[in-house]
Amino acid sequence: MKSKKLLLKQLIPVIVVILTVMFIWLCTSKNDSDESTGNTTESSLVKVITEHSTTVETTEQDSMSQETTSEESSSEETREQKSETEGTAYSESTTVQNSQTNPPEIQTTEAVTIPNTEPPEPDTSIGTIQPPPVLSDNGIFSGYYVVATARMQTMTPDEKIGQMLFARCPSGNAVEIARQYHLGGYVLFGRDFQGKTADEVKNNISSYRTSQEIPMVIATDEEGGRVVRVSSNPLLSDEAFPSPRDIFNSGGMELIKSKEIKKAEMLSGLYIDTNFAPVCDISVNESDFMYPRSLGQDAGITADFVRNVTHISQSRGVSATLKHFPGYGDNVDTHTGIAIDTRDYNTFVNNDFIPFQAGINSGVHLVLISHNIVNCMDSTKPASISKPVHNILRNELGFTGIIVTDDLSMDAIKLYSGEYPPTVTAVLAGNDMLIISDIEASFNEIKNAVNNGTIEQAVIDRAVVRILAWKYAKGLM
């Protein structure tokens, strides 16, 4: 028994040593395995990161390549358009960059109230939608014709008619009226700004714009000088803008640019997205009705002025409007009576058309047509409701934007519209939007004319597609 106990005592240390060795071996083996696994994981991670980096670089290179191709294509289109423009009878002696292929950048601060910083990309996914054939013009808003056509096809007849109305903002119930008649836009006059702070103006405009599903455009006349709807209010501007003529006479074109930048930023800051300016009329005679509102310079300098104003205004989110086509000349005031222009057509080609052509080549969004009767174009109707005058603007000068009438409530228009009301004649002549004061009467006159077949639905649809495309390009939709 003693010998067994002695043997057991001798074996215990050996067993302890063996167990310790085995434990150490097992731990070492596990660590080696973990390190091996860790190395494998790290290797896989490095591989994934490397592959991702390669993919990103490849994607960026492909994107850069596509952008380059797009820019080259756009440049080629621009050269072709410019070549076509220079081939018309109304080309300017100074070459002007044609910007019709790219909608202008729009600056903004709030998506609900004013346009986005950049126009949305045209929706090319609606492959089955085709815009009206007459709009296959590769115009300044043509990148949005497809999506605009798709939207137009979802609208009711009343909604379409309402989009064509550029109504004088009512003094009361403006939101309800805009919603009731589906109005395309409001024109704000001095009374709409008088005594109001900037916040009050912005709140009012926001309520108008969001009164319906399709946002309204908001316009005013801020020419400078005699016509200062906004800057005449000291709560909105630290100065009432002088006339372009006075600015030019005191500081030349550089001072014009400086003032126009300030003006455009003021309007944009108040959520006004369209200005019925610049005045393109050439008048050098102080006795002319239009002289105080004109630049008072020859066609070449006036064209340069128009080009600068168009670029400055639209690059800051405010659509410019060339007026009063085809050129006011020395005619009398059409607010109170008719003006009959007896000048020959060559005078317009070599003089009056030149500033308008400069603005059109610069991608201007709107052209406003006067109520003058221009005998050499149409001796029977005022220009604003004359189809021949509209054909000249579209086909000879190549304008593809929005044509808008002067105010149809002016006395000069009422006695010369023929068998139909001025609103109906204006639509038949080719206007896209009508400036009107009597909203209910104007709406019903056009609606009745559509219902009885005087105005074909296709005429309304064509105008609405242009209007919607303009709103898409501005970032309002």
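Asn173 lies in the loop between strand E1 (165-168) and helix H4 (174-181), where helices (H or I, at least four residues) and strands (E, at least two) are DSSP runs numbered from the N terminus. This is a predicted model, in which local features need pLDDT of at least 70 and side-chain atom pairs count only at pLDDT 80 or more, while totals for chains, interfaces and linings use all residues. Residues are numbered from 1 along each chain as its sequence is written, and side-chain values use heavy atoms, with hydrogens and water left out. The protein contains 13 helices and 12 strands. Here is a friendly tour, starting with the backbone.

**Backbone features**

- Most residues other than glycine have a negative phi, and most peptide bonds are trans.
- Asn173 has a positive phi, near 55 degrees, and is a residue other than glycine.
- With a relative accessible area of 56%, Asn173 is exposed; buried means under 20% relative accessible area, exposed over 50% and partly exposed in between (1.4 Å probe, protein chains only).
- Tyr271 also has a positive phi, near 75 degrees, and is found in the loop between H6 and E6.
- Tyr271 is buried, at a relative accessible area of 6%.
- Ala277 and Pro278 are joined by a cis peptide bond with omega about 15 degrees, and Pro278 belongs to the loop between strand E6 (274-275) and H7.
- Another cis peptide bond joins Lys323 and His324, with omega about 5 degrees; His324 is in strand E7 (residues 321-325).

**Helix packing around H7**

- Helix H6 (residues 244-269) and helix H7 (residues 299-314) have axes that come within 8 Å and cross at roughly 15 degrees. Axes are lines fitted to C-alpha atoms, for helices over the stretch in contact, and angles run from 0 to 180 degrees between N-to-C directions.
- That angle makes H6 roughly parallel to H7 (angles under 35 degrees count as roughly parallel, over 145 as roughly antiparallel, 65 to 115 as roughly perpendicular and the rest as oblique).
- The crossing of H6 and H7 is right-handed; a crossing is left-handed if the near helix is turned anticlockwise from the far one by less than a right angle, and right-handed if clockwise.
- On the H6 side, the residues that meet H7 include Phe248, Ile256, Ile261 and Ala264, and among their partners in H7 are Ile301, Phe305, Val309 and Ile312. Contact means heavy atoms within 4.5 Å.
- H7 also packs with helix H8 (residues 345-361): the axes come within 8 Å and cross at roughly 20 degrees.
- H7 is therefore roughly parallel to H8, and this crossing is right-handed too.
- Ala299, Thr302, Ala303, Val306, Arg307 and Thr310 of H7 meet Asn351, Ile354, Pro355, Ala358 and Gly359 of H8.

**Aromatic rings and charges**

- A pair of aromatic rings is described by the distance of the centres and the angle of the planes.
- Rings of Phe, Tyr and Trp (its six-membered ring) pair if their centres lie within 6.5 Å; planes under 30 degrees apart count as stacked, over 60 as edge-to-face and the rest as tilted.
- By this rule there are 8 aromatic pairs.
- Tyr186 and Tyr208 form an edge-to-face pair, because their ring centres are 5.4 Å apart and their planes stand at 85 degrees.
- This pair links distant parts of the chain, with Tyr186 in strand E2 (residues 185-188) and Tyr208 in helix H5 (residues 198-209), 22 residues apart.
- Tyr186 is buried at a relative accessible area of 0%, and Tyr208 counts as buried at 11% relative accessibility.
- Tyr345 and Phe353 have ring centres 6.0 Å apart and planes at 80 degrees, so this pair is edge-to-face.
- Tyr345 is partly exposed at 25% relative accessibility, whereas Phe353 is buried at 0%.
- One aromatic cluster is formed by Phe325, Tyr345, Phe348, Phe353 and Phe356.
- The charged end of Arg343 sits over the ring of Phe348, 4.5 Å from its centre; a charge sits over a ring if NZ of Lys or CZ of Arg is within 6 Å of the ring centre and within 35 degrees of the ring normal.
- Lys263 lies over the face of Phe241, 5.8 Å from the ring centre.

- Of the 477 residues of the protein, 50% count as buried.
- Among contacts with a separation of 6 or more, 72% come from residues 24 or more positions apart.
- Met477 is in the segment after helix H13 (457-474) and counts as partly exposed, at 23% relative accessibility.
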